[in-house]
Amino acid sequence: MTSTLIVPDVLTPSLRDEAVDHLRRYFAPVGGTTGWAGSRFERLAGGGDRPETADRFTADDLVAVSLLSVNVPPHGAIQLLETRADEFGELLAEIPHDLDLVDVESLPDGWAPHRLWEALRDIHGIGWVTAGKLVARKRPRLIPVYDTVVRAAVKPTASFWDALHAALRADDGALHRHLLSLRDEAGIGDDISALRVFDVVVWMHHRYLEPTADHAGRTGRPHGATTAGLRPASTPAPA
């Protein structure tokens, strides 16, 4: 069964100005204790997909996910950076870092990002939210950040990744183009992916409607509230 989601009104042309304002506020400069720390998620230390580190997890990636209010536990960090580094590196090497989700033809069960997400979930202390943010850090154009606030707003019927993929490709990519146009008007930089524009606009617009959200950062259960959305395909995804 095809997974679907609701595209929130804030991502329709009638609320364009509001969406642009959300982006400008979220990506405003961070200084001292002001600003949204999460706005540095994909840019910290040059980004997780920069060529020299695209196919391995680094300490910078662990700090980056902390900006979205999740943390990798100490023993998990050792596995990512040392004892299982080669294993995760091989999985990352299978995933293009210059591909947008909208350009992927299909998301099969054996899709490499799914397998990476599952492998991360095998690490004690890394939940589906943290696993998803780690994958999004390494492949920001291909994998979205997803949490309970976004989940409550878009209400995916099954896999969020599948549902967003379908929405982006519908109507000859109309939603994808709209997201890029919002990014360009907001002037936040063309290194910010369409997926991140979707995430930030929806999250900023709906964050006070989700009682379990951490409004200082980003926490929550993205794919679904139980193991049903766990894998970005049918369970809760990482927040």
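Helix H1 (residues 16-26) and helix H8 (residues 160-186) come within 9 Å of each other, axis to axis, and cross at roughly 60 degrees. Helices here are DSSP runs of H or I with at least four residues, strands are runs of E with at least two, and both are numbered from the N terminus. The axes are lines fitted to C-alpha atoms, for helices over the stretch in contact, and the angles run from 0 to 180 degrees between N-to-C directions. H1 and H8 are therefore oblique to each other; on this scale, angles under 35 degrees are roughly parallel, those over 145 roughly antiparallel, those from 65 to 115 roughly perpendicular, and the rest oblique. The crossing of H1 and H8 is right-handed, a label given when the near helix is turned clockwise from the far one by less than a right angle, with left-handed for anticlockwise. On the H1 side, the contact is made by Arg16, Asp17, Ala19, Val20, Leu23 and Arg24, and on the H8 side by His178, Ser181, Leu182, Arg183, Glu185 and Ala186. Contact means heavy atoms within 4.5 Å. Sorted by class, this contact has 5 nonpolar, 2 polar and 5 charged residues. Ala, Val, Leu, Ile, Met, Phe, Trp, Tyr, Cys and Pro go down as nonpolar, Asp, Glu, Lys and Arg as charged, and the others, Gly among them, as polar.

All of this comes from a predicted model, in which local features need pLDDT of at least 70, side-chain atom pairs count only at pLDDT 80 or more, and totals for chains, interfaces and linings use all residues. Residues are numbered from 1 along each chain as its sequence is written, and side-chain values use heavy atoms, with hydrogens and water left out.

H8 also packs against helix H9 (residues 194-206), at an angle of about 90 degrees and with the axes 9 Å apart. That makes H8 roughly perpendicular to H9. From H8, Phe160, Leu164, Leu168, Leu175, His176, Leu179, Leu180, Leu182 and Arg183 take part, meeting Ala194, Leu195, Val197 and Phe198 of H9. The make-up of this contact is 11 nonpolar, 1 polar and 1 charged residues.

Val197 sits in H9 and, at 0% relative accessibility, counts as buried. The cut-offs are under 20% relative accessible area for buried, over 50% for exposed and in between for partly exposed, with a 1.4 Å probe and protein chains only. Setting aside neighbours within four places in sequence, Val197 touches Leu23, Leu179, Leu182, Arg183, Ile188 and Ile192.

Over in helix H3 (residues 74-83), Gly76, Ala77 and Leu80 are buried. Seen down the axis of H3, these residues fall within an arc of 105 degrees, so they line one face of the helix; the arc is that of the directions from the helix axis to the C-beta atoms. The cover over them includes helix H2 (59-66), helix H4 (85-93), helix H5 (112-121) and helix H6 (128-138). Pro74, His75, Glu82 and Thr83, on the other side of H3, are exposed.

As for the whole chain, there are 9 helices and 0 strands, and 54% of the 239 residues count as buried.
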